[in-house]
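Colleague: Could you walk me through a few features of this model and show me how to read them?
Modeller: Happy to, let's look together.

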Amino acid sequence: MPGIGQSGASPVPHADSLGVIISLPAALAAEISARRAVYQGPDAAVVPPHITLVSGRTTDTWEKAAEHVRSVAATAAPFVISLRGTGTFEPVSPVVYLNVARGGAECTELHEQLLAGPLEHLLEFDFLPHLTVAHDLDEPAMTLAKSEMATFNADFEVGSIGLFDHLGGGWELREELSLGGGKPA
């Protein structure tokens, strides 16, 4: 899978990889995880439900990238996300997701601010705020996910963003950074 970042670097995680995400409140994460397990089976728990802001790598040192993420978080204000119904990237990519009906502009602004520093987004497609519920599954599972989640709706306040690294060979939360510079959520 080719990287589409400015450098053309591979999106396969390695030591320079980092991710910045929005985590969900525990009860909402548990609810979505339970639905994902129906579609994906036991592997669904490997990646908790989240909204990705950046999935890529540092273009400088990891610490400089982390400092930039801290700075962006400190200047951003908390906001509300509303998840409403499903969307899909099919036929281009086999993904069913929950739509970010409110809060998408704030997610996009955070994404752009993060990329204004020593970070590079290495995904195959343009940024679209979403929450994946099914990915690369057989057609019956994808159809079930689209159908069952079509009427899903939930609202939650985003008060922080999570900074992840891949230094130990797997994704690990390095810091939870409060928006506006307050205490971590």
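Modeller: Let's begin with accessibility, and keep in mind that this is a predicted model. A residue between the buried and exposed cut-offs, 20% and 50% relative accessible area, counts as partly exposed. Phenylalanine 89 has a relative accessible area of 25%, so this residue is partly exposed.

Colleague: And tyrosine 97, buried or exposed?

Modeller: Tyrosine 97 is buried, at 8% relative accessible area.

Colleague: How many aromatic pairs does the structure hold?

Modeller: There is 1 aromatic pair. Its members are phenylalanine 89 and tyrosine 97, with ring centres 4.6 Å apart. Planes under 30 degrees apart would count as stacked and over 60 as edge-to-face; here the planes are at 35°, so the pair is tilted.

Colleague: Which residue lies over the face of tryptophan 62?

Modeller: That is arginine 174, found 4.1 Å from the ring centre.

Colleague: Which residues of H1 and H4 meet?

Modeller: From H1, Arg35, Val38 and Tyr39 meet Ala141, Leu144, Ala145 and Glu148 of H4. By class, this contact has 5 nonpolar, 2 charged and no polar residues.

Colleague: Where does alanine 77 lie?

Modeller: Alanine 77 is in the loop between helix H2 and strand E3, and counts as exposed at 54% relative accessibility. Its C-alpha atom is 9.1 Å from that of serine 178, although the two residues are 101 residues apart along the chain.

Note on methods
Residues numbered from 1 in each chain as written. Predicted model: local features only at pLDDT ≥ 70, side-chain atom pairs only at ≥ 80, totals over all residues. Heavy atoms only, no water. Phe/Tyr/Trp six-rings, centres within 6.5 Å; stacked < 30°, edge-to-face > 60°. Buried < 20%, exposed > 50% of the residue type's maximum accessible area, 1.4 Å probe, protein only. Lys NZ or Arg CZ within 6 Å of the ring centre and 35° of its normal. Contact = heavy atoms within 4.5 Å. Helix = DSSP H or I, 4+ residues; strand = E, 2+ residues; numbered from the N terminus. Nonpolar A, V, L, I, M, F, W, Y, C, P; charged D, E, K, R; others polar.
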